[in-house]
Amino acid sequence: MNINMLFSILGLAGGILCAIGDLLFDLKGKGNKKLGTSGNIDSNWVHMAYWRFGASILVAFAGDVLLGFGFLPLADQLQPVKPGLAVAVAVCGYVSVIAGFFVHTVLCIQPIIYKRIMEADNFELADAVLERYYKAVLPPFFIGYGFMLAATVCVIAAILTGALAVPKWFVLLNPFVFLLIGVGLRKAKPDTFCDLPGIILPSLGMGMFGVIGMVGL
């Protein structure tokens, strides 16, 4: 098997694993409410088992490692025609998967803190602690999403200019389009789509870079 084909498959597999990690962390069920000063607390956390958050971090770690491979075939295909764009895709993709794991991990830590404090039935303390925590990790959130956006824009530019030999409609295969689909479904029918499929779509969108790599070979 061609090494770029293998890396593309690994990239797709990484997106699927990250989606499983999302399910473990964020499948809260109906009746969940946003609480706290910044609305970053979910009421249904208290009903979720501790093991889910640790398992979610582990699965996301494996998924993000594999996602990183998915950018290598894209960079390799771009190198002969757009070397600068190839470097941008490789660098932004690499940083974005590291940032993705960071974001996922810090999000999973929040419910662990909340559940433990709420065992003492002290919501005021839980809110105060998580508010400080939330503000501390917010800057890397934006930096990470910035690199993910940059990687996506680079791939879109490569497709539109013909530097990647894939159909033009493949510009839709990215995490931000998938995120918009999830948000749209939730807005249209919040009772039906309170959790799924919105929580897994951005991860599957990241996995689509592997699909683009496969088709472009």
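H1 crosses H3 with a left-handed sense, where left-handed means that the near helix is turned anticlockwise from the far one by less than a right angle, and right-handed means clockwise. This is a predicted model, in which local features need pLDDT of at least 70, side-chain atom pairs count only at pLDDT 80 or more, and totals for chains, interfaces and linings use all residues. Residues are numbered from 1 along each chain as its sequence is written, and side-chain values use heavy atoms, leaving out hydrogens and water.

Back to that first pair. The axes of H1 and H3 (residues 83-118) come within 10 Å and cross at roughly 20°. That makes H1 roughly parallel to H3; the cut-offs are under 35 degrees for roughly parallel, over 145 for roughly antiparallel, 65 to 115 for roughly perpendicular, and oblique for the rest. On the H1 side, the contact (heavy atoms within 4.5 Å) is made by Gly21, Asp22 and Phe25, and on the H3 side by His104, Leu107, Cys108 and Pro111.

Helices here are DSSP runs of H or I with at least four residues, numbered from the N terminus. Their axes are lines fitted to C-alpha atoms over the stretch in contact, with angles running from 0 to 180 degrees between N-to-C directions.

| Pair | Angle | Axis distance |
|---|---|---|
| H1 (residues 3-26) and H2 (residues 50-78) | about 155° | 6 Å apart |
| H1 and H3 (residues 83-118) | roughly 20° | within 10 Å |
| H3 and H4 (residues 123-160) | roughly 160° | within 8 Å |

H1 and H2 are therefore roughly antiparallel to each other, and their crossing is left-handed. Their contact has 20 nonpolar, 9 polar and 3 charged residues. For the classes, Ala, Val, Leu, Ile, Met, Phe, Trp, Tyr, Cys and Pro count as nonpolar, Asp, Glu, Lys and Arg as charged, and the others, Gly among them, as polar.

H3 and H4 are likewise roughly antiparallel, again with a left-handed crossing. The contact of H3 with H4 has 33 nonpolar residues, 4 polar ones and no charged ones. In the loop between these two helices sits Asp121, which has a positive phi of about 55° although it is not a glycine.

As for H1 itself, its 24 residues reach 34 Å from first C-alpha to last, close to the 34 Å expected at 1.5 Å a residue; the expected span is 1.5 Å times one less than the number of residues. At the start of H1, a side-chain oxygen of Asn2 comes within 2.6 Å of the backbone nitrogen of Asn4.

One last stop: the peptide bond from Leu196 to Pro197 is cis, with omega near -5°. Pro197 lies in the loop between H5 (175-188) and H6 (201-216).

Notes. A polar contact is a pair of N or O atoms within 3.5 Å; within protein, one must be able to donate a hydrogen and the other to accept it, and residues adjacent in sequence count only if both atoms are side-chain atoms.
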